[in-house]
Amino acid sequence: MRNFLHRFMIGRYGPDHLGIAMIIIAFILSLLNIILWHVPLLYISYLVFGLVIFRMLSRNITRRRAENDKFLRYWWPVRMKIKNIIVWINDKRKYKYYKCPTCKTKLRVPKGKGKIRITCPKCWEWLISES
């Protein structure tokens, strides 16, 4: 069976980041259909899942790669913002954040160290913090 599947997928595009995102969207739409009982959501989720299958089995690799690159160009900045927010929330207990008054750089200072002097790494401006 593995050999058959391997031979079948030769020359086809396969899964990528856009395909995984579309699968997640189809799953969320299916869950919304269960909660709201809104039938068009189910049909839209079927359509999205059908597009995923089409993309995975496509032999037009250059076009699928261009679609994935376009998706990643928009997705990675969003992903990095989400990741930075999560890091900020996790670090909030251990660190205090300051903004340099001259260059507006974010500075992270450990909490519980008392009154300390901070030096901005960009502009060498001195700040006094009470953490």
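**View 1. Asp91 and its partner Arg108 in the predicted model.** Asp91 is buried, its relative accessible area being 12%. The structure shown is a predicted model. A salt bridge joins the side chains of Asp91 and Arg108, with an N to O distance of 2.9 Å. Because Asp91 belongs to helix 4 and Arg108 to strand 2 (residues 106-110), this pair ties together parts that are 17 residues apart in sequence. Arg108 counts as partly exposed, at 45% relative accessibility, whereas Asp91 falls in the buried class.

**View 2. The salt bridge between Asp16 and Arg55.** The side chains of Asp16 and Arg55 form a salt bridge with an N to O distance of 3.1 Å. Distant parts of the chain are linked by this pair: Asp16 lies in the loop between helix 1 (2-9) and helix 2 (17-36), and Arg55 lies in helix 3 (residues 39-57), 39 residues apart. Asp16 has a relative accessible area of 9% and is therefore buried, the cut-off for this class being under 20%. Arg55 is likewise buried, with a relative accessible area of 6%.

**View 3. The salt bridge between Glu67 and Arg55.** Arg55 also pairs with Glu67 in a salt bridge, in which the closest N and O atoms are 2.9 Å apart. Glu67 is located in helix 4 (residues 61-91) and Arg55 in helix 3, so that distant parts of the chain, 12 residues apart, are linked by the pair. With a relative accessible area of 29%, Glu67 is partly exposed, whereas Arg55 is buried at 6%.

**View 4. The network of Asp16, Arg55, Arg64 and Glu67.** Asp91 is buried and Arg108 is partly exposed. Elsewhere, salt bridges with shared partners connect Asp16, Arg55, Arg64 and Glu67 into one network. Side chains of opposite charge can pair when their charged atoms come close.

View 5. The patch has an area of about 900 Å² and is made by Ile20, Ile24, Phe27, Ile28, Leu31, Leu32, Ile34, Ile35 and Leu36. One of these residues, Ile20, is found in helix 2.

Methods
Residues are numbered from 1 along each chain as its sequence is written. This is a predicted model: local features need pLDDT of at least 70, side-chain atom pairs count only at pLDDT 80 or more; totals for chains, interfaces and linings use all residues. Side-chain values use heavy atoms; hydrogens and water are left out. A salt bridge is a side-chain nitrogen of Lys or Arg within 4 Å of a carboxyl oxygen of Asp or Glu. Helices (H or I, at least four residues) and strands (E, at least two) are DSSP runs, numbered from the N terminus. Buried means under 20% relative accessible area, exposed over 50%, partly exposed in between (1.4 Å probe, protein chains only). Patches are made of residues with over 30% relative accessible area and no salt bridge: like charges are joined within 9 Å, nonpolar side chains (Val, Leu, Ile, Met, Phe, Trp, Tyr) within 5 Å. Accessible areas come from the Shrake-Rupley method with a 1.4 Å probe; for residues, only the protein chains shown count as cover.
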